Amino acid sequence: MCGRFALTADLQELAAHFGGLDLDRLAPRYNIAPTQPVLAVMAAPTGLPGSNRAPWRAGLVRWGFVPGFIKDPRDFPLVINARSETVFEKASFRAALRHRRVLLPANGFYEWRKAGKGERAQPFFIRPREGGLIAFAGLMECWASPDGSEVDTAAILTTAANAALAPIHARMPVILKPEDYARWLDCRTQEPRAVADLLAPLADEVLEAIPVSDRVNSASQNGPELQLPAEFVPLTAKPQKAPHSKASGRSRPGEDEAPAEPAQTQLSLF
DNA sequence: CCAGACGTTGTT
DNA sequence: GTCTGG
DNA sequence: CCAGACGTTGTT
DNA sequence: GTCTGG
């Protein structure tokens, strides 16, 4: 599924990809974790004809969906995903699926391939082969606290993994093609059933998976080094304590460059 | 009818 | 093992 | 998603 | 709020 992702594009790239967004600033983030704020793109309030403002607006919402009818979020589990196969049947998602469909922009996401019992899971950074932005299909809900304040929350829709990701993980986020953004976001004229066809696995050839170090495991780590191809280490090797140097001999890229040459583009290794 | 749940992933 | 926090 | 805590009484 | 279970 999708439990971590990255959004490192600048405002210009975001505006170009989505055809205009009303954003002031956005820090690059290489390790977005559940409960943190995530950028959500949604339909703008029905505008005046002739308005030249952006067709969509964007804002930060909490990653962890809370249905509107919940009294105390502490009584509700953290819901970071919604299964596209069953989302139409769930009371929790009903209103959001009808009225608050969103896109969650990303430059890629992380999946952990679980090895045998006792072995460490291997994280992969998964991104478009051509680079640039992708957009997850998401649902948003506004939760009203007893004291009158409001919190917007969101979940990412999931679907079966495509052939490219299946060796790593059985599920993947629903990633929409740019030509489908408008239909997904148009909750005014598109009934939920009319957008159900969009909730499908992405074409196999779009994404590549890069094995990365397990520094990404810790949600407190957040930097471009999280996307560097992991150095090759035999699977039997144990993690080193490295008592003298925490640098472990690896040089860092000083800048915010994604890896220029992924170590591999097929997943059938190991 | 009322009571109680309301979610996903993964693992065995 | 299970829950909470990021 | 993974990491890290997981408890109480009473004292400074 | 809405659905499922009894």
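Which side chain has an N or O atom 3.3 Å from a phosphate oxygen of DNA strand E?

**Figure 1. Arg94 and a phosphate of DNA strand E.** The side chain in question belongs to Arg94: one of its N or O atoms is placed 3.3 Å from a phosphate oxygen of DNA strand E. In this predicted model, Arg94 is also one of the residues that surround DNA strand E.

**Figure 2. Residues surrounding DNA strand E.** Phe69, Ala91 and Arg94 surround this DNA strand. Among the atoms of DNA strand E within 4 Å of the protein, sugar or phosphate accounts for 8%, and the rest belong to bases.

**Figure 3. Glu208 in strand β13.** Strand β13 covers residues 207-211, and Glu208 is located within it. Glu208 counts as buried because its relative accessibility is 4%, and buried means under 20%. The side chain of Glu208 forms a polar contact with the side chain of Arg127, at a distance of 2.7 Å.

**Figure 4. Chain A as the setting of the close-up views.** Chain A contains 4 helices and 13 strands. Of its 270 residues, 45% are buried. When contacts in chain A between residues at least 6 apart in sequence are considered, 69% join residues at least 24 apart. The accessible surface of chain A amounts to about 14,500 Å², and carbon and sulfur atoms contribute 52% of this area.

Methods
Residues numbered from 1 in each chain as written. Chains lettered and ligands numbered in written order. Predicted model: local features only at pLDDT ≥ 70, side-chain atom pairs only at ≥ 80, totals over all residues. Heavy atoms only, no water. Helix = DSSP H or I, 4+ residues; strand = E, 2+ residues; numbered from the N terminus. Buried < 20%, exposed > 50% of the residue type's maximum accessible area, 1.4 Å probe, protein only. Polar contact = N/O pair within 3.5 Å; in protein donor to acceptor, adjacent residues only side chain to side chain. Near = heavy atom within 4 Å. Contact = heavy atoms within 4.5 Å. Areas by Shrake-Rupley, 256 points an atom, 1.4 Å probe, with all protein chains shown as cover.
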